[in-house]
Amino acid sequence: MADPATPPPQDLPEVPHAVARKPGVRWLQPVWIIPMVAAIIGGWLAFQHFLDRGPTIQIRFRTAEGLEAGKTRIKYKDVDIGVVRHITLGEDRNGVIVDAEMVKQASRGLLVEDTRFWVVRPRISGGRVSGLSTLLAGAYIGTDPGKSTNERRDFEGLETPPVVTEGLPGRAFRLTADDVGSLD
């Protein structure tokens with residue numbers, strides 16, 4: 001054992017001293033690349049979603065029978081062009097207001113002043129049966145585009161489907177009489 005009073009030998013190497021350096025530029029750590037790429041992709045998808053959203057319309061019906069928010073589709077020629085988002089009771093409580101979001105590309109030129117909407121559900125009237133496909137799939141809102149050029153966002157829904165729709169041959173006549181009699 002060495003005596004603590006004796007000085008250390010002079011031939012030992014000197015211990016290096018720490019030197020303070022100015023901090024350099026810190027680069028991004030590789031572990032942060034994946035979260036940043038995920039955030040950029042998520043932001044891009046959200047931006048695209050808002051760009052692709054179509055217009056919102058309102059349709060007034062007497063009743064909401066067969067309609068469900070988030071499920072009921074709006075169709076034209078059996079192609080989905082929108083979906084019902086909300087169903088509320090009208091201010092006068094005499095009907096319901098259906099808020100629907102339309103598909104941007106499909107609804108171009110369809111939302112004009114004389115466009116007609118009605119609920120397609122099973123019907124039996126005058127010896128005629130219609131809407132049987134809705135027994136399994138559920139009711140949907142049918143559309144008949146108008147010929148007007150003036151756009152519109154609020155509509156009065158029909159209670160029964162129109163007899164003649166756009167693009168089909170036929171004519172509609174309005175008969176006026178004091179007594180209906182046996183007219184069918």
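How much of the accessible surface of the protein belongs to carbon and sulfur atoms?

## Surface and model

Of an accessible surface of about 14,800 Å², 57% belongs to carbon and sulfur atoms; the areas come from the Shrake-Rupley method with a 1.4 Å probe. This is a predicted model, where local features need pLDDT of at least 70 and side-chain atom pairs count only at pLDDT 80 or more, while totals for chains, interfaces and linings use all residues. Residues are numbered from 1 along each chain as its sequence is written, and side-chain values use heavy atoms, with hydrogens and water left out.

## Helices, strands and a sheet

The protein has two helices and nine strands (DSSP runs numbered from the N terminus, with at least four residues of H or I for a helix and at least two of E for a strand). Seven of the strands form an open sheet with mixed pairing, in the order E5-E8-E2-E3-E4-E1-E9; two strands pair if DSSP finds at least two bridges between them. Strands E5 (116-120) and E9 (154-156) stand at the edges with a single partner strand each, so one side of each has no neighbour in the sheet.

E1 and E9 run parallel and are joined by three bridges; Ile-59 has Phe-155 in E9 as its bridge partner.

Thr-72 sits in the loop between strand E1 (53-61) and strand E2 (73-76). Its relative accessibility is 3%, so Thr-72 counts as buried (under 20% relative accessible area, with a 1.4 Å probe and protein chains only). Leaving out residues up to four places away in sequence, Thr-72 touches several residues, including Val-83, Val-84 and Tyr-140 (contact means heavy atoms within 4.5 Å).

Terms used. Buried means under 20% relative accessible area, exposed over 50%, partly exposed in between (1.4 Å probe, protein chains only).
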